[in-house]
Amino acid sequence: MSAMKILAADDDALSLRVLQRSLEKWGHEVVTATDGNLAWKALLEDLDIGVMIVDVNMPGVDGLELCRLAREAFGERVIYIIVLTAKRGAESMLQGFAAGADDFLTKPFRPDELRARVEVGFRVIGLQRMLADRMLEHEAAERRYRELVNSLDVIVWEAEINPWRHRFMSEQGAKLLGGSVSRFIDSDAWLSHVLPADRATVEEYRRLLEAGAPMAGCDYHLMAEDGRVLTVRDQARQVFEEKGPRRVRGVTIDVTERRRAREQFEAALKMQADFVNFASHQLRTPLTGIKWMLELAMGEEDGSPDMRGFVADSRDASERLIVLVNDLLSVSRLEGGRMIGTPARCNLAQLMRDVLDDIQPVVRKSEHQLEATGLDVEHAVMGDAQMLRQVLQNLVSNAVKYTPHGGRIQVEITNDGAEVRCAVTDTGIGVPESARARLFEKFFRAENVSKVETEGTGLGLYIVRLIVERAHGRIWFEPAESGGSRFLIALPLATTSEAAPASPVEV
Ligand code: ADP
């Protein structure tokens with residue numbers, strides 16, 4: 001609070017001096033004026049003047065006139081006015097109060113009476129200034145609160161119920177629906193934006209709140225001023241206050257984009273499901289039939305050697321197609337989250353032994369040297385045995401496939417008490433540095449593969465990655481010292497000795 005000064009105005013020089021001396025003796029800062037005009041000028045110029053002691057009878061602008069001027073001119077500014085009069089009696093006192101004075105002293109007055117009255121004036125002014133400061137703080141807080149509410153991405157509102165009318169709505173209401181929010185206040189204009197098909201739903205939700213439900217929510221559609229239709233979600237709560245009409249407060253969230261994205265996602269999932277259905281029935285079944293037919297034809301004695309060669313090639317091609325369809329099906333199911341398998345505790349070492357047994361004939365044919373370590377102890381992980389086997393099978397068969405004749409393939413399983421690691425290392429063609437970052441992407445094949453293996457879809461490692469990640473594991477590549485490749489997977493060590501409850505299987 002700034003310093004407060006006293007303005008003393010009296011045309012009688014002696015009285016004025018006495019007044020000034022006394023006030024200064026009590027520690028006040030005093031400004032003096034010998035007539036009404038000078039007093040008015042001082043009031044206008046010195047904003048620290050908080051108390052005015054003014055003689056009623058002055059030439060020109062008299063004391064009462066000065067009171068009136070001050071009251072009319074200073075709206076916000078607070079001044080405590082004490083009027084000095086020579087006349088006793090209620091009449092002159094009433095005149096003073098009517099002109100806007102706060103207190104009254106009849107000359108001659110006792111100095112201690114003047115002192116007491118000035119002190120009252122100071123107290124009143126102090127309180128008024130404090131109140132004004134509080135009001136400013138309150139207004140600033142309210143402004144901040146409104147700015148905050150208006151900057152939110154949702155419509156914040158408050159409404160009276162019975163009958164329903166909005167008492168407050170944040171600016172977002174105008175942004176979403178167009179026009180200004182004022183048209184919603186003290187009315188139920190909101191309802192006119194609700195699409196007719198949703199009116200009953202909204203009325204039902206309102207009825208719940210009217211009946212006293214502590215909170216309620218509802219999804220519906222609104223038509224904006226420009227004709228756009230928005231999908232919104234309302235969430236409202238009762239305001240529990242004893243005074244005033246019953247009210248609810250709520251937020252309205254524009255979920256149009258979210259809803260659209262969900263619908264698109266659901267449509268994509270459906271397309272994927274349709275594809276799986278189509279591929280499994282319309283492609284895989286007839287292809288399997290063709291392969292069997294071709295195998296039967298191969299078993300027949302008749303036919304020229306050329307013809308038998310054609311049949312064998314056709315059988316191989318149909319088999320490759322079946323593999324491709326199966327891979328596409330796996331990808332589609334894994335991506336759509338519909339292939340979860342049956343998670344259970346399995347021994348990765350045992351799965352690897354099975355895979356190596358199966359692949360033995362190919363390894364032998366390629367004259368590779370195969371070494372395995374860590375397969376004679378249990379390395380327990382949680383996962384679907386069939387799917388984990390597919391992972392190992394893919395890594396080992398890639399090593400065999402991308403290693404020219406007479407190479408060396410090492411398989412190693414270890415565990416550090418937290419993770420089981422499986423590494424498959426070969427002395428093959430390796431992966432060019434530029435291709436390493438993309439190895440686990442869908443359909444990716446490095447440019448150097450054509451040297452050894454032209455057949456391939458680039459789906460195997462992608463499927464492997466999806467399965468490993470579903471099992472909360474990691475997969476990565478490291479160049480092997482020989483120039484070949486080293487693929488590693490790490491899976492969490494199974495902590496329980498019991499098999500997990502067998503539940504979802506692939507759809
Ligand atoms: P595909 O073998 O059908 O091409 P994969 O997804 O199994 O598909 O492998 C993707 C690519 O990763 C391969 O085309 C090849 O470029 C590279 N790759 C995978 N394994 C090896 C490996 N052991 N040695 C060299 N390159 C490999």
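Let's start with Phe-310, which sits in helix H9, the helix covering residues 305–335. One thing to keep in mind throughout: this is a predicted model. So, is Phe-310 buried or exposed? It comes out at 53% relative accessibility, and because the cut-off for exposed is over 50%, Phe-310 counts as exposed.

Next, helix H5, residues 111–151. With 41 residues at 1.5 Å a residue, H5 should span 60 Å, and the C-alpha atoms at its ends are 59 Å apart, so the two agree. Which residues of H5 are buried? They are Leu-114, Val-118, Gly-121, Ile-125, Gly-126, Arg-129 and Val-149. While you look at that list, remember that an α-helix has 3.6 residues a turn, so residues three or four places apart point the same way.

Now the ligand. There are 22 residues around it, and the closest are Asn-398, Tyr-402, Asp-426, Arg-445 and Leu-461. By type, the shell splits into eleven nonpolar, eight polar and three charged residues. Helix H11 (385–401), helix H12 (460–470) and strand S17 (485–492) each put in at least two residues, and H11 gives the most, with four.

The side chain of Asp-426 has an N or O atom 2.9 Å from a nitrogen atom of the ligand. Arg-445 places a polar side-chain atom 2.6 Å from a ligand oxygen. With Leu-461 it's the backbone: an N or O atom there lies 2.6 Å from an oxygen atom of the ligand. And how much of the ligand does the protein bury? Taken alone the ligand exposes 530 Å², and 98% of that is buried by the protein.

Last stop, the strands. S15 runs over residues 419–426 and is mostly covered, with seven of its eight residues buried. On one side, S15 pairs with S14 (residues 408–415), antiparallel, over seven bridges, and Thr-414 stands opposite Arg-421. S14 and S15 make a hairpin with three residues between them, and Gly-417 in that turn has a positive phi of about 90°. S15 is also joined to S17 by seven bridges, antiparallel again, with Val-420 opposite Leu-491.

That's my lot, over to you.

Definitions and conventions: Residues are numbered from 1 along each chain as its sequence is written. This is a predicted model: local features need pLDDT of at least 70, side-chain atom pairs count only at pLDDT 80 or more; totals for chains, interfaces and linings use all residues. Side-chain values use heavy atoms; hydrogens and water are left out. The expected span of a helix is 1.5 Å times one less than its number of residues. Buried means under 20% relative accessible area, exposed over 50%, partly exposed in between (1.4 Å probe, protein chains only). A residue is near a molecule or strand if one of its heavy atoms lies within 4 Å of it. A polar contact is a pair of N or O atoms within 3.5 Å; within protein, one must be able to donate a hydrogen and the other to accept it, and residues adjacent in sequence count only if both atoms are side-chain atoms. Accessible areas come from the Shrake-Rupley method with a 1.4 Å probe; for residues, only the protein chains shown count as cover. Ala, Val, Leu, Ile, Met, Phe, Trp, Tyr, Cys and Pro count as nonpolar, Asp, Glu, Lys and Arg as charged, and the others, Gly among them, as polar. Two strands pair if DSSP finds at least two bridges between them.
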